[in-house]
Number of protein chains: 2
Amino acid sequence: MAREWFTVRACGDAVELLDQRRLPEEERYLTLRDVESVARAIEDLAVRGAPAIGCTAAYGVALAAHSAPGNDLAALCAAVDRACERLAATRPTAVNLFYALECMRTCCAEAAAAPAASLTTVRQALAARAEGLAAEDEASCRRIGEAGLPLVPEDARILTHCNAGALATAGSGTALGVVRAAFAAGRKPSVLACETRPFLQGARLTAWELARDGMAAHFMARGEVDLVIVGADRVAANGDVANKIGTYGLAVLARAHRLPFYVAAPASSFDLATPDGASIPIEERGRDEVAFVAGRAVLPEAVPVRHPAFDVTPAELVTAWVTDRGLLEPPFDPEPIR
Amino acid sequence: MAREWFTVRACGDAVELLDQRRLPEEERYLTLRDVESVARAIEDLAVRGAPAIGCTAAYGVALAAHSAPGNDLAALCAAVDRACERLAATRPTAVNLFYALECMRTCCAEAAAAPAASLTTVRQALAARAEGLAAEDEASCRRIGEAGLPLVPEDARILTHCNAGALATAGSGTALGVVRAAFAAGRKPSVLACETRPFLQGARLTAWELARDGMAAHFMARGEVDLVIVGADRVAANGDVANKIGTYGLAVLARAHRLPFYVAAPASSFDLATPDGASIPIEERGRDEVAFVAGRAVLPEAVPVRHPAFDVTPAELVTAWVTDRGLLEPPFDPEPIR
């Protein structure tokens, strides 16, 4: 899609990244010149959203290959391995990260084993694979939008959570991809974006993209919500969904108000090796992210903080999974994802 | 209760008020010398919490009487009337405000009609009535604590919302009054405080008092919550409860997880002239309170904002109303409140 900003891209010997922590005040791009900087950008949430994290990590691996010293293939492959290890240690929940790193590892091994392999061919293969992952993600968003289109009535009032839009992906977004597809089809949906911490992603990011602030249960009770659609950081083999903390609460509220609750995610967010939600590692983030807002202390020092970044929504609360392989309805069958 | 800070008090020819917007960073008191300043402090949320608003308004009326020019009783009573009108226009939902103003109006009329009435006797009567309302509120908190004590098991994990503590009252708090009573009785409850906007009252205020940040549905699903207790800004004649936005969602979640949901409020928060929740006026506050956090813009300018300050929880989701007239159980009968 044409737009004047981008989430992440490779540019010469650097990875360029929109610093999402500064939105909406400032549209500032970070220029990252080594793997460590890329890893820290992921850890510190300069980039967030499961698909975007995967793409960023892939670009980081290509960058590591590009700038690896020495001139033998073994050293290059070792540098790629180290980059993958470092990047895998950034955030535990979004499975797209591990999917992207696995793709890059495989690509490196195959390129290095090819008949006429050289430093240049391996570097080119890795750069192309990272671009390919971003293109895959963009296509996934489009297909998710198509799969979700029949779910969005003409004037649907859609509630979403956190940010699962273009900022979270290399394309038009997962949950917001569906909204965008509905707009493109001439429908006039409206979007309520619930706010989330630590970085007020609902207000700052989803709103920056298109939406508005809201109070979920209140608007559901008043009949002002027709459907709920969220993204996912990881979907387990039984259909359980790990996503931004607060998602589970929305799912319970949607059920209580008899509203459909959809999860929009590409195949790369599905982890069939993880049997269920209880097996998904849930990241606990640091205290300061909730203790401070915009640099101001909002929490007394003596107060302990619980700060899980994600929660798990059981499959039985999901009305349908909107994927780039089509719409999956209960009972959840992972077959199309394999 | 002994403590080193206070929410609001009369001091000479001024009303002193803890500026709650500055907590926890700074414990700064405002010195308000006229009714208009008191009204603005209520409007701008320097003081919040239904009982505390009522007490502050009462002190504001006494201040108006104290500083009214002229030297005839009619002029003094007219100044009191104007003060009541101005203060009544500050915030529409918390009924304690109107209760306190009605008490002050009646007090003024009675004092002015007394045989030896003078400017001095009327001023003294109003000052005493305001102190009396604060003392009433303190006693109410204590009785609410006693009424709620049987509801709190030994190691109860209590979830609360926004701030219904000492900061919201002239006493030990409503919802937190119950928690304090449990502590005083030697029990060891723990408190999860959900965060709220516009001013992050959960983190900044309840935590400043005693608690910690939390994510309601997530912790309910993990079995880490035993009961939910909240305050109220107004309870209608059928038991419906207006309280800080987000309360209704918590009530639905509590029901879905089969947890008791208690509402703690003094009789002055019950409005038997309002038949049900739908008839309670719900304040919509300004855009800037959600568009800015700690002075930083977090919402793009083009984005419309819905910002109801309260929501309504239907009586059928309330396990019990914990009042200064005892514990009221369903079906709600307002008789003890009359």
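I count helices (H or I, at least four residues) and strands (E, at least two) as DSSP runs, numbered from the N terminus. By that rule I find 10 helices and 16 strands in chain A.

**Ground rules.** I am working with a predicted model, where local features need pLDDT of at least 70 and side-chain atom pairs count only at pLDDT 80 or more, while totals for chains, interfaces and linings use all residues. Residues are numbered from 1 along each chain as its sequence is written, chains are lettered from A and ligands numbered from 1 in the order in which they are written, and side-chain values use heavy atoms, with hydrogens and water left out.

**Chain A overall.** I looked up burial (buried means under 20% relative accessible area, exposed over 50%, partly exposed in between, with a 1.4 Å probe and protein chains only). Of the 338 residues in chain A, 59% are buried. Next I checked contacts (heavy atoms within 4.5 Å). Taking those in chain A between residues at least 6 apart in sequence, 73% join residues at least 24 apart.

**The sheet in chain A.** Here I call two strands paired if DSSP finds at least two bridges between them. I see an open sheet of four strands in chain A, ordered 11-8-9-14 with mixed pairing. Strand 11 (270-271) and strand 14 (310-313) of chain A each have a single partner strand, so one side of each is left without a neighbour in the sheet. Strand 9 (residues 241-244) of chain A runs antiparallel to strand 14 of chain A, joined by four bridges. One pair I noted is A:Ala242 with A:Val312. Helix 9 (residues 247-256) of chain A packs on the sheet, touching strand 9 and strand 14, and makes about 35° with strand 14 of chain A. For such angles, axes are lines fitted to C-alpha atoms, for helices over the stretch in contact, and the range is 0 to 180 degrees between N-to-C directions.

**Chain B.** I find an open four-strand sheet in chain B too, with the order 11-8-9-14 and mixed pairing. In strand 14 of chain B, B:Phe310 is the bridge partner of B:Lys244.

**Cores.** My nonpolar core is a set of buried Ala, Val, Leu, Ile, Met, Phe, Trp, Tyr and Cys residues joined through side-chain atoms within 4.5 Å. The largest has 62 residues, and A:Val228, A:Phe261, A:Trp321, B:Val228, B:Phe261 and B:Trp321 have the most contacts inside it. Another core, of 45 residues, lies apart from it and includes B:Leu17 and B:Val35. Beyond its neighbours within four places in sequence, B:Phe261 touches several residues, among them B:Val228, B:Leu250 and B:Leu317.
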